Amino acid sequence: MGAAERENVIIIGSGPAGYTAALYAARAELAPLVIEGFAWGGLLQQTTEVENFPGYPEGVTGPVMMQQLRDQAERFGARFITDQATRVELASEPGERHRVWVEDDEYSARSVILAMGAEHKKLGVPGEAELSGRGVSYCATCDAAFFKDREAMVVGGGDSAMEEAIFLAKFSSSVTVVHRREEFRASRIMLDRARAVENIELLTPYVIEQLFPGESGALGSARLRNTATGEARELPLSGAFVAIGHVPQSELVRGVIDLDDNGYVLVEGRSTKTNRPGVFAAGDLVDHTYRQAVTAAGSGCQAALDAEWYLRDTPAVAETAAASATP
Ligand code: NAP
């Protein structure tokens, strides 16, 4: 189906929010079209064990869980485009078509669910971009094995940083967790687990000022600065893992959909409704508080139900569906 035919629902994004929205929309017989991106599955593709998703007493890996969710949505009629949405034009009146482009291919829809998720936040220091993929990483579970018996650093003080450090410590000779404040944001249980690991050192209050290449051209060291005393310190390193949180991937809708100061999509009350009629948002794109796979899946379900009710209860939209069904 191309631009001439109007989809009931286009879902942009494919983490637990996007796929759960697809599952519910498919079961409501809306035949959703999911523009899932190249790296479908979102951030969970980069995790190993997910131990806190209800229903998996033995845990499940992120990629397996995403494959299963995708299969489940497909079973009920969801369709997928494994490519990026590159542009949108979102209507301001019910009944007008929303348009979504994947490069030059145009798709149109009565409703749209935004579920583009979040990406890793960057440090923004000199050397980071140049050494990314050459010692600088945002995913220990993807890259830890490259740092076997070498020195690594994790930047950040939240649960992600602790999780990365604990995982890395199984490979690296030493892991220094560098955090900018004395107090950690991480939960007690994660902090205690990290403290109990022999080759993890917690270093506070330090910021990273610059990352430097070594002789091989890959990462060789980092310059840190103590935020209390101003003291500078050079840390020899092979790996630097940045775990300082996430930023929402809302670039596609900036200037069209209302965002908060940090770029998260704003929704109406407890619903998933955005400021455009028939456009809903779910998952990490909206949620800067809970950011869990299970809460993202829950909000994907809400978005699909909101879209279903919108299509059913908005006369101008229902008319376009009736017209397209007429031979
Ligand atoms: P987070 O809780 O927002 O923590 C981000 C950390 O990075 C904070 O300590 C912050 O420092 C630091 N930071 C932010 N920007 C920085 C910068 N520019 N330079 C240096 N440090 C910077 O993010 P998260 O750790 O990714 O966790 C996100 C959510 O996922 C949380 O709800 C968490 O509980 C959950 N999570 C849970 C688990 C688990 O339970 N197993 C694992 C991972 C994540 P400040 O503290 O000074 O702000």
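1. Which charged end sits over the ring of Trp40? The charged end of Arg70 does, 5.1 Å from the ring centre. A charge sits over a ring here if NZ of Lys or CZ of Arg is within 6 Å of the ring centre and within 35 degrees of the ring normal. Lys122 also lies over a face, that of Tyr138, at 5.1 Å from the ring centre.

2. A word on the ground rules. This is a predicted model, in which local features need pLDDT of at least 70 and side-chain atom pairs count only at pLDDT 80 or more, while totals for chains, interfaces and linings use all residues. Residues are numbered from 1 along each chain as its sequence is written, and side-chain values use heavy atoms, with hydrogens and water left out.

3. Now look at the aromatic rings. Rings of Phe, Tyr and Trp (its six-membered ring) pair if their centres lie within 6.5 Å; planes under 30 degrees apart are stacked, over 60 edge-to-face, and the rest tilted. By this rule there are 6 aromatic pairs. In one of them, the ring centres of Phe147 and Phe241 are 5.3 Å apart and the planes stand at 85 degrees, so the pair is edge-to-face. Phe147 belongs to the loop between helix H4 (140-143) and strand E11 (151-155), and Phe241 to strand E17 (residues 239-242), 94 residues apart. Tyr19, Trp40 and Phe80 form one aromatic cluster.

4. Are Phe147 and Phe241 buried or exposed? Buried means under 20% relative accessible area, exposed over 50%, and partly exposed in between (1.4 Å probe, protein chains only). Phe147 is buried at 7%, and Phe241 is buried at 0%.

5. Next, follow strand E12 (residues 174-178). Helices (H or I, at least four residues) and strands (E, at least two) are DSSP runs, numbered from the N terminus; two strands pair if DSSP finds at least two bridges between them. E12 pairs in the parallel sense with E11 over 5 bridges, and with strand E13 (residues 200-203) over 4 bridges. Glu151 has Ser174 in E12 as its bridge partner, and Val178 stands opposite Leu203 in E13. Because 4 of its 5 residues are buried, E12 is largely enclosed by the rest of the structure.

6. Finally, please find the open sheet of 3 strands, ordered E14-E15-E16 with antiparallel pairing. Its edge strands, E14 (206-213) and E16 (232-236), each pair on one side only. Strand E15 (residues 219-226) is joined to E16 by 5 bridges, and Ser221 stands opposite Pro236 in E16.
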